[in-house]
Amino acid sequence: MLKDNFNDLFYLIVVARERSFTRAAAKLGVSQSALSHAIRGLEERLQIRLLTRTTRSVAPTEAGESLINSIGPRFKEIEEELIALTDMRDRMAGNIRITLSEHALHSTVWPVLQPFLETYPDVHVELTIDNTLTDIVTERYDAGIRLGEQVAKDMVAVRIGPDWRMVVVGSPAYFARYGKPQKPHDLQSHNCINMRLPTLGGLYAWEFSKDGQEIRVRVEGQLTFNNLASRINAATSGMGLAFVPEDCVADAVAQGTLETVLDEWCEPFPGYFLYYPSRKQHTAAFARLIDTLRYSAH
């Protein structure tokens, strides 16, 4: 019954306020005949006359006045709540939860996020550094950031960074002692610093490509880490070879504390994407963050 009466009750309030079917119909964007039919139907269902109609004006009956006084403030409260909700949508405020990798944060997100947060002080962002392929729906994240190949097909994906590549690095002292690998499979005879993948519970197989040929090499060594900085530090200390994002070791390579090998097998690939469920309703803050992070090559 509420569903049948809700619009008609609202129509009643507007007609009583305007004291005119013509003006009320114009405000509501409906025809006078439709409005009159709705009010008449409401009166028939309630079995009581709510409006007194004359050729010049419309006024509520005693029963109509009582009903309007009772429900009018409640409609006003609903309207105020809707206005407040719209203001919340339009105002840059709210909480945003994102899961991403350590490298994605430092290489791609943080340089953009810092000025974004300074511009919008009422936006609060929670970042969970996680190398697992987290289910963002189950874990109630607003979005995740991963490489394009790792994004599920049912997600909306927005590119937020340029192409980049992984490189094999070692210290000059290591190469002086053990020599340099000439092809990917030579790594199997070197002391390699492994990375454990939490999602699969196994060790990451180093991935190489050259002229359309793709090779995955399972390496071995004395050290295994689950974070990037430790692998770089171990390689710099001469403890073995590491397979890491090129941008993270660019300074060390330029300074000569690390050297790269197998460069021709380390081709660039598409960078990071922000992804979220297609059915997600955007807050203004989330939509603005997406636009801010969105990558443009120009």
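The side chain of Ser 101 reaches the backbone nitrogen of Ala 104 at a distance of 3.1 Å. This briefing concerns a predicted model. It describes the surroundings of Ser 101, the aromatic pairs, which number eleven, and two cases of a charged end placed over a ring.

- Ser 101 belongs to the loop that runs between strand β3 (94–100) and helix α5 (102–119).
- With a relative accessible area of 12%, Ser 101 counts as buried, because the limit for a buried residue is under 20%.
- Beyond its neighbours within four places in sequence, Ser 101 is in contact with Ile 129, Asp 130 and Asn 131, and also with Ile 145, Arg 146 and Tyr 272.

**Aromatic pairs**

- A pair of aromatic rings is described by two quantities, the distance of the centres and the angle of the planes.
- The count of aromatic pairs in the model is eleven.
- One of them joins Tyr 276 and Phe 286 in an edge-to-face arrangement, with 5.5 Å from centre to centre and 85 degrees between the planes.
- Tyr 276 lies in strand β15 (residues 272–277) and Phe 286 in helix α9 (residues 284–293), ten residues apart.
- Tyr 276 and Phe 286 are both buried.
- Tyr 204, Trp 206, Phe 208 and Phe 243 form a cluster linked by ring pairs.

**Charged ends over rings**

- Arg 97 places its charged end over the ring of Tyr 141, at 4.1 Å from the ring centre.
- Lys 180 has its charged end over the ring of Phe 175, at 5.4 Å from the ring centre.

Technical notes. Residues numbered from 1 in each chain as written. Predicted model: local features only at pLDDT ≥ 70, side-chain atom pairs only at ≥ 80, totals over all residues. Heavy atoms only, no water. Phe/Tyr/Trp six-rings, centres within 6.5 Å; stacked < 30°, edge-to-face > 60°. Helix = DSSP H or I, 4+ residues; strand = E, 2+ residues; numbered from the N terminus. Buried < 20%, exposed > 50% of the residue type's maximum accessible area, 1.4 Å probe, protein only. Lys NZ or Arg CZ within 6 Å of the ring centre and 35° of its normal. Polar contact = N/O pair within 3.5 Å; in protein donor to acceptor, adjacent residues only side chain to side chain. Contact = heavy atoms within 4.5 Å.
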